[in-house]
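Trainee: Hi, I've never looked at this one before. Can we go through it together?
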Amino acid sequence: MASKAGTWRLEVAKFPVRQLTFADQTVYRNRTLSIDRADLLATIAEPHVMAHMDVGLAHPGESCRIVHVLDAVIPMVKVAGHSTVYPGFFGPARPAGHGRNHRLHGAAVVVCGTFPEATSGALSAGEAIIDMSGPAAPYCALSDTANVVLVCHPAPGVTNAEFDAALHRAKLKAAVYLAQATATLDPPELKVYDLARVAAALPRVVLVNQLNQQGLLAHTFLYGKHTQGLEPTVLHPNEMLDGALVNGNYRGTLRGSTYAHCDHYVLRELYRHHGDDLNFLGVVIGRGWQNTQFLKERQGWMMARVASLLGAQVAIVAADVNGTGGNNTIDFMQTIKACEQMGIRTVAIMQESGNEDGSDPSVVDHVPEADSIVSVGGIGWRIPAAPGVERAIGGETVQPDIAQAPQEATGPLAVDCWYGAIWKRSELGLSAIDA
C-alpha cells in the first residue's frame with residue numbers, strides 16, 4: 001500500500017472551549033472541558049525529574065495572574081494520519097502536515113517553573129507574567145484563552161538540561177491528553193489546509209522565518225531536535241500547524257511560544273489570501289544569532305537561496321514569533337539584503353528597540369534594501385501598570401528585575417515582562433507610520 005506521508009492536506013477540527021473545570025473524568029461537552037486532575041497528573045508525571053507538579057485553571061476576566069511562565073501549547077491530537085502532532089517528541093520525526101487534528105480552540109496549556117541551577121547573562125530564563133484581567137491583560141498573550149496551568153517543581157539534584165527536557169515532555173503530553181477528549185466527537189468547525197494550485201499570474205510569496213537558537217534555555221526544536229546546526233530549509237505550512245516547531249526559548253520578552261508556532265499569525269494570513277491575491281509557496285526557516293559576521297551574511301544568502309529555488313517573488317520576513325532583538329537583527333537584515341539582491345522583494349515584520357521619545361535608534365541594524373518594514377511596537381515601550389490580583393498561579397513571588405528583590409506575585413506591578421507582549425502586539429496590528 002502506498003504511503004501518504006508525502007501528502008500535505010491537513011484537516012483541523014476546532015472544539016471551542018469557554019469553561020474549564022475539575023471533575024472525576026476528562027470530558028468535552030458544550031464548550032466545557034472537564035478535567036480529571038489526578039489522571040492528568042499521572043499521565044504527565046516525570047518522577048525522576050519533577051519533585052511534584054500542580055495544575056491550576058485560569059479564565060479570561062478573572063482576577064488572576066500566572067507567573068514564571070515558560071511556554072504555552074495548543075491542546076491538540078492527531079486522530080487521522082501517518083504522523084503525530086509535535087512530531088519528534090511524540091513518535092518518530094515522520095513528516096507531519098497531513099491527516100486530521102482535533103484542537104481545543106480558545107484553550108491553552110501554560111507551563112510554569114523555575115530552573116534549578118542558577119543562570120546569568122543572555123541565556124537565562126527571565127520572568128514572564130500573564131494577567132487574565134486588568135489594564136495589562138491586552139498586552140499579554142493568552143490572557144484571552146482558558147488556560148490549564150502546569151506548575152513544575154524540579155527534584156533535588158536535577159540539572160537545567162534535565163528539567164528542560166522534562167518540561168517539554170510534560171507540556172506536550174498534557175496537550176495531547178486534553179485534546180484526546182474530543183477524539184471520537186464530530187467537530188462544530190472543520191477547516192482544510194491545502195496549498196492547492198492557483199492562477200499562475202498571482203505573486204509567489206514565501207514566509208521567511210528566522211528562528212531563535214542560541215543554546216540551552218534559548219532553543220527552538222524542529223521535529224524533536226534543536227536547530228543549532230540547522231541549514232536553511234523548507235517547511236510546508238501544515239508542518240507548523242502540526243507542531244513541527246517547539247519552543248525552548250525562555251529569554252525575557254524575546255521568548256518564543258510553541259502555541260504561536262502552531263498558530264503563526266503571518267502563516268494564517270498568507271493561507272487566507274492563498275488563491276485570491278497571492279500564491280503561498282511555503283515557509284523558509286533558518287536560525288538567527290549566528291556567531292560571526294561571516295556566518296550572518298552566509299545565513300542571509302542561504303535563506304535567500306532557498307526562497308529563490310522555490311520561485312518566490314516576495315518574501316515576508318519575520319523573526320520567530322517574538323521578533324528581532326540584539327545582534328540577531330544583523331542576521332535578519334542580511335537575509336533581507338540577500339533576498340533583495342537576488343530579485344525577491346521583501347516585507348519585514350519586526351519590533352523596534354528604541355525608547356518611547358524616539359531619541360534612541362529604533363533598530364539595532366539596518367540595510368538600505370530594507371525599505372518596507374512593518375513595526376509591531378517596541379521593546380520596553382510603556383505598558384500600563386497592573387493593579388494587584390486576588391490570586392496567582394505559578395509562585396508566591398515574582399522577580400522582574402534580577403537587580404531588585406522579589407515582589408509579592410499578587411501585588412501591583414509596573415513591569416515590562418508580560419508574556420508574549422511582542423507576539424500579542426503583532427496580532428493586534430500595532431504599527432508605526434510617518435506623520
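Trainee: Okay, how many aromatic pairs does the count come to?

Mentor: Six aromatic pairs, where rings of Phe, Tyr and Trp (its six-membered ring) pair if their centres lie within 6.5 Å. Keep in mind that this is a predicted model, where local features need pLDDT of at least 70 and side-chain atom pairs pLDDT 80 or more, while totals for chains, interfaces and linings use all residues. Residues are numbered from 1 along each chain as its sequence is written, and side-chain values use heavy atoms, leaving out hydrogens and water.

Trainee: Take Phe-115 and Tyr-250. Why is that pair tilted?

Mentor: Their ring centres are 5.4 Å apart and the planes sit at 45 degrees, so the pair is tilted; planes under 30 degrees apart would be stacked, over 60 edge-to-face, and the rest are tilted.

Trainee: And where in the chain are those two?

Mentor: In distant parts, 135 residues apart. Phe-115 is in the loop between strand E10 (107-113) and strand E11 (130-131), and Tyr-250 is in the loop between strand E18 (245-249) and helix H4 (258-262). Those labels are DSSP runs numbered from the N terminus: helices are H or I with at least four residues, strands E with at least two.

Trainee: Switching to sheets: which strands form the four-stranded one, and in what order?

Mentor: The order is E8-E9-E1-E13, an open sheet with mixed pairing; two strands pair if DSSP finds at least two bridges between them. At the edges are E8 (76-80) and E13 (189-193), each pairing on one side only. From one strand to the next, the twist averages 25 degrees.

Trainee: How many bridges join E1 and E13?

Mentor: Five, and E1 (residues 10-16) pairs with E13 in the antiparallel sense. Ala-13 stands opposite Leu-190 in E13.

Trainee: Which strands does H2 lie across?

Mentor: E8 and E9 (99-105); H2 covers residues 160-179 and runs at about 60 degrees to E8. Angles run from 0 to 180 degrees between N-to-C directions, with axes fitted to C-alpha atoms, for helices over the stretch in contact.

Trainee: How does H1 pack on H2?

Mentor: H1 (residues 37-44) packs at about 135 degrees, with the two axes 9 Å apart. That makes H1 oblique to H2, since under 35 degrees is roughly parallel, over 145 roughly antiparallel, 65 to 115 roughly perpendicular and the rest oblique.

Trainee: Which residues of H1 and H2 meet there?

Mentor: From H1, Asp-39, Leu-40, Thr-43 and Ile-44; from H2, Ala-170, Lys-173, Ala-174 and Tyr-177. Contact here means heavy atoms within 4.5 Å.

Trainee: What about H6 and H7, how do their axes cross?

Mentor: At roughly 45 degrees, coming within 7 Å; H6 is residues 293-309 and H7 is residues 328-341. That makes H6 oblique to H7. Among the residues in contact are Trp-301 and Met-303 of H6, and Ile-330 and Cys-339 of H7.

Trainee: Last one: in what order do the strands of the three-stranded sheet come?

Mentor: E11-E6-E23, again open and mixed. The edge strands are E11 and E23 (391-393). E6 (residues 64-66) runs antiparallel to E11, joined by two bridges, and Arg-65 has Asp-131 as its bridge partner in E11.
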